[in-house]
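Let's take a friendly walk through a protein model together. Keep the structure open beside you and look for each part as it comes up.

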Amino acid sequence: MTTRRTRPAPRPPEGTPPRAELARQARHVLADAVRIARWAAVERGAEAALRSGPGPVTAQERAAAALDLTPGQISAGWDRARLAGLVELHGDTARPGWRLHAWDRDDSAVLRGWVALFDAWSLVHPAPEGVAPSAVAEVVEAVPQVLSLLQLSQGPVLVPALLDLLGQRVEELREERCEVPVAGPAPEAPGAPGADHGTDGLPALLDWALEGLAAVGALTLDPGAEGRHATLTPLGNWAVWVKLEQICVAAQSPAGNIEQSAEDMLRGCARLTPGPARAEYRAWLAARTLSSAVAELLAVARGEDALLRGLAFEALRVVGAPAEAEVRATVAEPPLRPYALLWLAEYEGADPDDAQEVLTREEATWLWVDTAAAVADHGESALLVRHLESAVQGTVPALLDEVRAVGHPRTVQVLVALAAAHPDPALAKAVRRAAFQVHTGGS
């Protein structure tokens, strides 16, 4: 039984518009991106119209004429459509995403699309030229503190105040990286960011960050009598509250896996019930940038431990929208394909009990063997016997035929473990025979 959470569902700050109004604002921010994605979906009546963008300059000009936009607006809108999940890239071909089909009727899909764009704000505008990538990365990592200040201020904040906070946070990040103290001044690379002045280059980077966040509708930049100031929009205020609430929930996690690697964290969660395990996933994710966390989880999923593979995708379910592109890319990897297809089906709104329908018979059989490998390595014999009943095949002979054909690398070990665990001597003998045939390459 899953332990129910006793903590009441958090409510957004007073004054936050209802979800329907937030979704309306998100639709307004992404209106051009939606128009461009829909134009590309029907133009020429084929996927070629979507190939890695609206196409060459002539296609951009046609889109601009049809939609009454400039070629620059077409290019920017196409980038937003990709970042918001309105279109999906498959190699050199782009296709309409499920979010585009649900855009007019599903407020949750709209808000998830906008949050995906919000998370990708640093990709909306190119960083200033002549700035070291490390300095850009520091500012991207420090921006959540700037957003938190804006959220707590509940009103406009002067840009110089934001610059002071940004400088302090960047210095903290640099100090955290200095793990080994050295006697005397440390050598500095010529031209290294902050080598002489901790805030050198930060004003331009702060302007870039604020403009990028304004471009996705998270804040507004306005002139004032005392100077330029920034103010969170209702959408931006809600998004920052959501992020802070996730961190607050994560801070309540009792199992202490926050500082562990992804593999060790998943092993620590292996014997937890789903509710506490999800709390651990949230805690672990809150302590990391999402891109690095997703990459680390997928690296574990590609390992040999089938139990950790399944748990990694459970953790990725907690990540949600920011993991969509990376998970979708793993569909091309046979060992991860069934897990990725189930993840995507549930992400797109399918009931978990019905999500199995997206798998082919071969994919379902592969997943059955992979899950059996996890049970054989970490579970009890009785669980392995019960797992036999979950196979999609109607009979044991049919299951054995398809298991042998699917080519899972753990097939022999799974069949040997199942034969040893099953109480029926005749069935155990048939399973052992199948294991031997797979081992020797027979039929």
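## The chain as a whole

In the protein chain, 65% of the contacts with a separation of 6 or more are between residues 24 or more positions apart. Please keep in mind that this is a predicted model.

The protein chain has 21 helices and five strands. It is made of 443 residues, and 42% of them count as buried.

## Aromatic pairs

How many aromatic pairs does the structure hold? There are four aromatic pairs. One of them is formed by Trp 121 and Trp 208, with 5.1 Å from centre to centre and 50° between the planes, and this pair is tilted. Trp 121 sits in the loop between helix H6 (107–119) and helix H7 (133–153), while Trp 208 belongs to helix H9 (residues 202–215), so the pair ties together parts that are 87 residues apart in sequence. Trp 121 has a relative accessibility of 7%, so it counts as buried. Trp 208 counts as buried because its relative accessibility is 4%, and the cut-off for buried is under 20%.

Now turn to Trp 343 and Tyr 347. Their ring centres are 5.2 Å apart and their planes meet at 15°, so this pair is stacked. Stacked is the word here because planes under 30 degrees apart count that way. Both residues, Trp 343 and Tyr 347, lie in helix H16 (residues 337–347), where they are four residues apart, about one turn of the helix. Are Trp 343 and Tyr 347 buried or exposed? Both are buried. Tyr 347 also has a charged neighbour: Arg 112 lies over the face of its ring, at 5.1 Å from the ring centre.

## Two helices that cross

Two packed helices are described by the angle between their axes and the distance between the axes. For helix H17 (residues 361–378) and helix H19 (residues 396–406), the axes come within 9 Å and cross at roughly 90°. That makes H17 roughly perpendicular to H19, because angles of 65 to 115 degrees count as roughly perpendicular.

Which residues meet where H17 and H19 touch? On the H17 side they are Arg 361, Glu 362, Thr 365, Trp 366, Trp 368 and Val 369, and on the H19 side Leu 399, Glu 402, Val 403 and Val 406. Sorted by kind, the residues of this contact between H17 and H19 are six nonpolar, one polar and three charged.

## A look at single residues

Leu 297 is found in helix H13 (residues 290–301). Its relative accessible area is 0%, so Leu 297 is buried. Leaving out residues up to four places away in sequence, Leu 297 touches Ala 262, Met 265, Leu 266, Trp 284, Leu 285, Ala 312, Ala 315 and Leu 316. Leu 297 and Glu 314 are 17 residues apart along the chain, and their C-alpha atoms are separated by 9.9 Å.

Arg 169 has its place in helix H8 (residues 159–177). With a relative accessibility of 17%, Arg 169 counts as buried. Apart from residues up to four places away in sequence, Arg 169 touches Ala 142, Gln 145 and Glu 176.

Asp 264 lies in helix H11 (residues 262–269). Its relative accessible area is 39%, so Asp 264 is partly exposed. Asp 264 and Val 300 are 36 residues apart along the chain, with 9.9 Å between their C-alpha atoms.

Conventions: Residues are numbered from 1 along each chain as its sequence is written. This is a predicted model: local features need pLDDT of at least 70, side-chain atom pairs count only at pLDDT 80 or more; totals for chains, interfaces and linings use all residues. Side-chain values use heavy atoms; hydrogens and water are left out. Rings of Phe, Tyr and Trp (its six-membered ring) pair if their centres lie within 6.5 Å; planes under 30 degrees apart count as stacked, over 60 as edge-to-face and the rest as tilted. Helices (H or I, at least four residues) and strands (E, at least two) are DSSP runs, numbered from the N terminus. Buried means under 20% relative accessible area, exposed over 50%, partly exposed in between (1.4 Å probe, protein chains only). A charge sits over a ring if NZ of Lys or CZ of Arg is within 6 Å of the ring centre and within 35 degrees of the ring normal. Contact means heavy atoms within 4.5 Å. Axes are lines fitted to C-alpha atoms, for helices over the stretch in contact, and angles run from 0 to 180 degrees between N-to-C directions. Angles under 35 degrees count as roughly parallel, over 145 as roughly antiparallel, 65 to 115 as roughly perpendicular and the rest as oblique. Ala, Val, Leu, Ile, Met, Phe, Trp, Tyr, Cys and Pro count as nonpolar, Asp, Glu, Lys and Arg as charged, and the others, Gly among them, as polar.
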